[in-house]
Amino acid sequence: MCHHTLKNRELRTKVAKLNMRAGKRALDGYNHETAYSFLKTSSSLLHEDHWESCYELSLRINFLTARAAYCCRHFDAAESMLQRIFEKALSTKDKLSAYSLLGTMYQTQGKVVDALNMYSSILTQLGEIIPDSVTTDTSVSIVKETLNMCEEIFNDEWNQTKMKESLCYIPKFYCEMTLSAYFCKPRPYVTYICCKAIQLCLRNGMCHFAPLSFLNFTVLAFSKDNIPHVYRIGSRAISLLESFNITDRISDCYYPFYAGVAWKIEPFQLCAAKLIQAFSSGLSNGNPNVGIYCLMQANYMYTFCGKNLRSLLVEIDYYLNFLKSYKNEIAKNYFLSNRETVSMLIDKGLETGIEVKASYGDLENPSNKQREMFFFHQAIRCFWLGYVERFKHVAKKCLEIFGHLLQFNTSQIKFYHGLYLVETQKKKKSKETLRLAIADMKDAAAMSEWNFTNKLELLEAELYSFEKKSNQAIASYDASIASARNSRFTHEQGLACEKAGFHCNREKDRVRALGYFQQARECYEEWGSTAKVDFIQNEIEKLELKN
């Protein structure tokens with residue numbers, strides 16, 4: 001009887017190992033459902049005292065099963081397996097992979113506070129000092145310190161130095177904590193956590209998570225005074241992905257670089273395409289967490305690339321349906337907000353609107369991250385639909401909240417606000433602010449002609465128009481139209497034509513005004529904005545009556 005029992009136990013263990021290997025192979029091949037089936041079978045074959053009699057095998061099977069369950073979006077099952085590891089594992093070291101997976105799972109579901117608290121706890125256990133809060137002065141100081149370290153250390157020689165394996169989880173948790181903190185903590189705190197990761201890498205050498213550490217840092221260190229330097233750091237970090245074949249981190253690494261830094265230099269369309277690539281990579285390798293945020297930012301960028309609005313709306317609805325299984329309220333809110341903007345730009349939401357709306361929380365609470373999104377989208381809608389007084393209010397709120405930051409939405413708001421200021425130049429202060437906006441846009445265009453030259457030329461054209469310099473105004477309008485066409489910014493090509501039409505109308509040159517308005521209508525038709533087409537058509541009809 002004892003011999004029979006022993007043989008049965010041995011056989012069960014052997015079969016469990018075989019199923020585990022098959023599950024791991026399927027998991028590596030991104031065949032997640034098959035992997036989960038094998039690994040569940042493997043787990044069920046373990047005998048009752050397996051944690052005591054075959055500890056290493058039990059640890060591995062439970063973790064792989066949890067990972068496969070997560071990839072299949074069986075979040076409750078995955079968390080149950082992870083909790084079993086936390087209960088049975090004999091050391092903190094043996095729990096690290098499980099903690100990492102749990103944090104990733106929390107972030108995928110939008111539970112960023114839970115993820116942040118978990119990362120803070122485990123980093124404390126690993127000997128790191130995690131503050132409850134960080135002042136702006138501390139944040140500025142650590143950024144300068146880190147930039148200096150990068151200048152001195154981040155080179156080809158550093159690439160050859162490998163971090164000790166025992167330290168590698170620390171930058172990993174810092175990187176993941178940075179993403180969580182971004183959604184629920186003030187910027188100085190996020191910056192501090194990010195700098196801790198990169199300093200650890202610079203002092204101890206290259207590891208799997210070093211490129212992500214550098215790329216997160218580039219976003220938070222990015223300022224008007226250091227754009228080329230920070231861009232070089234980001235480009236070098238991207239090259240490390242290829243040099244060290246870190247293909248499973250594409251979504252993690254592309255997100256900070258293409259969403260946070262590269263847009264200042266590389267074409268918007270390229271940045272958006274790279275983010276879509278990162279989303280696809282994240283899905284295929286079972287890491288949809290950051291991939292979802294890549295998708296959010298790509299969709300957002302495409303709104304400002306002149307992509308057809310109706311196609312964009314179809315994509316947003318598809319993604320909203322896709323997100324249901326992930327239960328990520330942050331991503332859902334983001335897409336709902338962008339959907340409402342796109343719908344308003346198409347037809348003011350009359351036929352394309354839906355009942356479900358984004359939730360923004362307390363808009364008076366400075367720590368509420370959703371209010372930036374609310375005021376930004378309000379500003380975009382008001383600008384394009386001509387709600388001038390409302391735009392003045394929400395644009396001011398935008399500039400108060402994030403106007404000092406060098407980020408994608410800031411550049412858009414400053415451009416639209418500059419155009420608005422032309423209409424309010426009777427005040428000396430407004431004229432000075434407009435000149436500052438033009439100076440900022442000149443700096444931006446010097447970095448990326450593709451993204452910003454048409455915007456600069458349109459601001460200059462509007463200023464010339466206000467100053468009654470008609471010939472210079474027409475030349476700048478035409479230059480802006482040509483630049484927008486070359487960059488495939490159909491919406492801004494239409495905007496330049498529209499502004500040129502109003503200028504010519506003020507100058508009593510109605511024939512030329514009609515031509516510009518007709519070009520604007522064609523651009524807005526291509527963009528898919530019925531609201532703007534109707535607006536321009538009304539101006540055309542008024543001109544035709546006068547003629």
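In this predicted model, the axes of helix H10 (residues 169–184) and helix H12 (residues 210–221) come within 10 Å and cross at roughly 35 degrees. The crossing of these two helices is left-handed. On the H10 side, the contact is made by Pro171, Cys175 and Thr178, while H12 contributes Leu212, Ser213, Asn216 and Leu220. Sorted by class, the contact of H10 with H12 has four nonpolar and three polar residues, and no charged ones.

The table gives their geometry.

| Helix pair | Axes come within | Crossing angle |
|---|---|---|
| H14 (residues 250–260) and H16 (residues 288–303) | 9 Å | roughly 30 degrees |
| H17 (residues 309–323) and H18 (residues 329–347) | 10 Å | roughly 155 degrees |

Helices H14 and H16 cross at roughly 30 degrees, and therefore H14 is roughly parallel to H16. H14 passes H16 in a left-handed crossing. In the contact, Ser251, Asp252, Tyr255, Tyr258 and Ala259 of H14 meet Val290, Gly291, Tyr293, Cys294, Gln297 and Met301 of H16. The residues of this contact divide into seven nonpolar, three polar and one charged.

For helices H17 and H18, the crossing angle is roughly 155 degrees, so H17 is roughly antiparallel to H18. Here, too, the crossing is left-handed. H17 brings Leu309, Arg310, Leu312, Leu313, Ile316, Asp317, Tyr319, Leu320 and Leu323 to the contact, and H18 brings Ala331, Lys332, Phe335, Leu336, Asn338, Arg339, Val342, Ser343, Leu345 and Ile346. By class, the contact of H17 with H18 has 13 nonpolar, two polar and four charged residues.

The empty spaces come next. Rolling a probe the size of a water molecule over the atoms shows where empty space is left.

The count comes to one cavity of 30 Å³ or more. The largest cavity has a volume of about 40 Å³. Its lining consists of Leu336, Arg339, Glu340, Gly353, Ile354, Val356, Lys357 and Ala358. Of these lining residues, four are nonpolar, one is polar and three are charged. Leu336 and Arg339 line this cavity and also belong to the H18 side of the contact with H17.

Which helices each supply at least two residues of its lining? They are H19 (370–385), H20 (388–402), H21 (408–422), H23 (449–466), H25 (490–506) and H27 (530–546). The largest share, six residues, comes from H25. By class, the lining of the second largest pocket has 16 nonpolar, three polar and nine charged residues.

Terms used: Residues numbered from 1 in each chain as written. Predicted model: local features only at pLDDT ≥ 70, side-chain atom pairs only at ≥ 80, totals over all residues. Heavy atoms only, no water. Axes fitted to C-alpha atoms, helices over the stretch in contact; angles between N-to-C directions. Helix = DSSP H or I, 4+ residues; strand = E, 2+ residues; numbered from the N terminus. Left-handed = near helix turned anticlockwise from the far one by under 90°. Contact = heavy atoms within 4.5 Å. Nonpolar A, V, L, I, M, F, W, Y, C, P; charged D, E, K, R; others polar. 1 Å grid on protein atoms, 1.4 Å probe; cavity = no way out; pocket = protein on both sides within 12 Å on 5 of 7 lines; lining within 4 Å. Points joined across faces, edges and corners; volume = space filled by probe spheres on them. Parallel < 35°, antiparallel > 145°, perpendicular 65-115°, else oblique.
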